[in-house]
Structure formats: C-alpha cells, structure tokens
Amino acid sequence: MLAYDVHGSGPGLVLLPGVGGTAALTWETLLAGLAAEHTVVLTDLPGAGRSPLPVGRLALDTVADQVVAAAERAGLSDFVIAGPSLGAAVAIKAAARHPDRVRGLVTLSGFARPHTSLWLTLETWASMLTRHDGRLRAFLASLAFSADYLAARTPETAQYLATRLLTAAAGTARQIALALGVDVHGDLPSVTAPTLVVASAGDRFVSPKHSIDLADGMPGARLAAVRGGHAATFEEPDRTLEILTDFLRDLRPSLTDHTATYSHV
C-alpha cells in the first residue's frame with residue numbers, strides 16, 4: 001500500500017511526485033492554494049517517503065492501480081490526478097485504467113516514452129547513483145532548474161534544492177528503471193478525462209517536446225506552458241498554480257465534494 005497525506009476539503013485532487021521525490025516536497029509551494037478548494041491527497045510512489053519498496057521490478061500498471069487504491073482509502077470516490085515527470089506517466093496510466101475514478105488529468109513536464117536525450121539522462125543518473133558519485137548533486141541541480149534560475153543562485157544553494165526535490169530514496173534506482181521503460185503512447189487515445197498538459201519552456205531534463213507529444217495524443221487535451229525548468233512548482237509557483245486552479249475550477253461542477261481534515265496513512 002502506498003502512503004498518503006490528506007489536506008483540505010472539497011473535490012478530490014491526487015498529487016504525485018516524480019522520480020525519487022515525495023509528493024509533499026514536490027507540491028509544497030502550491031499545496032496551500034490547492035487545498036483551499038480541494039481534498040488534496042499527496043501520494044508517494046513505491047520506495048519514496050513512507051511508501052514501502054516491494055520486491056522486484058516496478059510495473060506501471062501496478063503502481064497506477066496502487067495510487068487509485070490509496071485515493072479510495074483516503075475517501076475519494078472520484079478525483080483529478082496530477083503528476084510531474086514519472087508521476088505524469090503514472091497519472092496517465094491511472095486515467096486510462098480507471099475512467100470511472102479519474103475525472104481529470106494534469107501532467108507537468110511529462111512524457112509518454114523517453115526520447116533519446118531523456119533516456120541518456122536517466123541512464124546517467126542511475127549509473128551515478130549506483131557508484132555513489134559525489135558529482136550527483138551537481139548533476140541533478142543542472143537538470144532540475146532552468147539556466148536563468150541557476151544564474152541567480154550559488155552552486156551550493158542549487159545543489160541543496162535539487163537534492164531536496166530529487167532525493168536518494170530507497171526506491172530511486174527502481175523508479176529510474178521504471179521511467180526508462182515507460183511507454184504510454186497506446187494509452188493516450190483512451191484517456192477520456194479532461195486533460196491539462198503543462199510544459200516547462202526551460203526544462204533541461206524532460207524536453208517540452210514530450211509535452212507536445214502528450215497533448216497531441218490525448219483527444220481534447222489543453223497545452224499550457226510555464227517559463228521555468230523541470231521543477232516548475234519551485235521556479236514558477238504562482239503561474240503554475242494559476243494554470244492548475246483555472247483548469248480545476250472548470251471541472252469542479254462534475255466532481256464529488258469531499259470533506260476531509262489532515263490525516264496520513
């Protein structure tokens with residue numbers, strides 16, 4: 001079972017992290033704004049935060065089903081699901097497999113299948129992690145943020161922020177392996193939920209081209225952009241929140257209103 005925290009009340013909103021991160025850190029800059037109008041369920045992927053790491057390889061179908069099960073345990077009968085990077089692929093798979101539960105989908109810097117540049121980056125991350133390479137913090141910082149954001153910060157600050165967001169969780173290596181094998185192109189046409197695809201113009205980790213591919217593959221998907229890098233929730237929190245809340249307010253009449261107070265499992 002995946003661990004989760006619940007904040008706020010209102011229509012359900014499930015928030016996922018990317019590789020190696022926790023939902024709480026990934027979404028901390030937007031949480032107050034989102035929880036003001038929604039029952040937000042922060043759900044960690046296997047091997048991160050309090051979510052246990054199972055034996056063997058991770059499977060995208062299984063993880064997606066576990067996320068939906070966590071939302072149900074949190075009391076959500078239906079919900080919007082949002083995730084960045086690997087979390088976006090999990091969210092897409094959940095929307096395709098559980099259309100009766102997932103009433104809206106948001107991807108941030110997502111991908112249907114790793115293009116060559118992303119594949120090479122993930123392979124490099126996995127190799128450095130295995131070797132306990134001391135340069136990993138600098139490598140992750142260069143990927144997590146845009147050039148403009150990094151230019152205004154010291155290397156030490158950038159590395160600290162990157163390693164908060166992209167942690168060395170117990171499941172990071174297996175999450176990277178899962179990301180390397182992601183291919184949800186076949187699921188895109190079957191996603192019937194209203195969808196918002198957010199690209200980060202300065203993303204040096206997951207090229208914006210991946211988001212364009214996602215939007216092209218899902219019928220009726222909206223494509224929006226922010227100016228920051230991969231960690232858009234940190235670089236462009238106000239703009240990212242504005243885009244998300246506009247989308248969520250359009251969906252609100254079709255969602256069940258849930259009442260919840262803070263809890264965790």
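Start with the lining of the largest cavity: by class, eleven of its residues are nonpolar, eight are polar and none is charged. Here Ala, Val, Leu, Ile, Met, Phe, Trp, Tyr, Cys and Pro count as nonpolar, Asp, Glu, Lys and Arg as charged, and the others, Gly among them, as polar. You are looking at a predicted model, in which local features need pLDDT of at least 70, side-chain atom pairs count only at pLDDT 80 or more, and totals for chains, interfaces and linings use all residues. Residues are numbered from 1 along each chain as its sequence is written, and side-chain values use heavy atoms, with hydrogens and water left out.

Now select Thr26, Pro84, Leu166, His230 and Ala231, the closest to the centre of the largest cavity among the 19 residues that line it. The volume there is about 250 Å³, and the structure holds one cavity of 30 Å³ or more. A cavity is a set of points on a 1 Å grid over the protein atoms alone where a 1.4 Å probe fits but cannot get out, and lining residues have an atom within 4 Å of a point.

Next, show helix α3 (residues 60-73) with helix α4 (residues 86-97): they pack at about 75°, their axes 8 Å apart. That makes α3 roughly perpendicular to α4, a label for angles of 65 to 115 degrees. Helices are DSSP runs of H or I with at least four residues, numbered from the N terminus. Axes are lines fitted to C-alpha atoms over the stretch in contact, and angles run from 0 to 180 degrees between N-to-C directions. On the α3 side, pick residues including Leu60, Asp61 and Val63; on the α4 side, Lys93 and Arg97 are among those they meet. Contact means heavy atoms within 4.5 Å. This one has eight nonpolar, no polar and four charged residues.

Move on to helix α5 (residues 116-131) and helix α6 (residues 136-144), which pack at about 155° with axes 10 Å apart. They are therefore roughly antiparallel to each other, the term for angles over 145 degrees. Colour Thr121, Thr124, Trp125, Met128 and Leu129 of α5, then Leu136, Phe139, Leu140 and Leu143 of α6, to see the contact. Seven of these residues are nonpolar, two are polar and none is charged.

Among the residues in contact are Arg137 and Ala141 of α6 and Glu156 and Tyr160 of α8. The contact divides into seven nonpolar, two polar and two charged residues.

How values were computed
Helix = DSSP H or I, 4+ residues; strand = E, 2+ residues; numbered from the N terminus. Parallel < 35°, antiparallel > 145°, perpendicular 65-115°, else oblique. 1 Å grid on protein atoms, 1.4 Å probe; cavity = no way out; pocket = protein on both sides within 12 Å on 5 of 7 lines; lining within 4 Å. Points joined across faces, edges and corners; volume = space filled by probe spheres on them.
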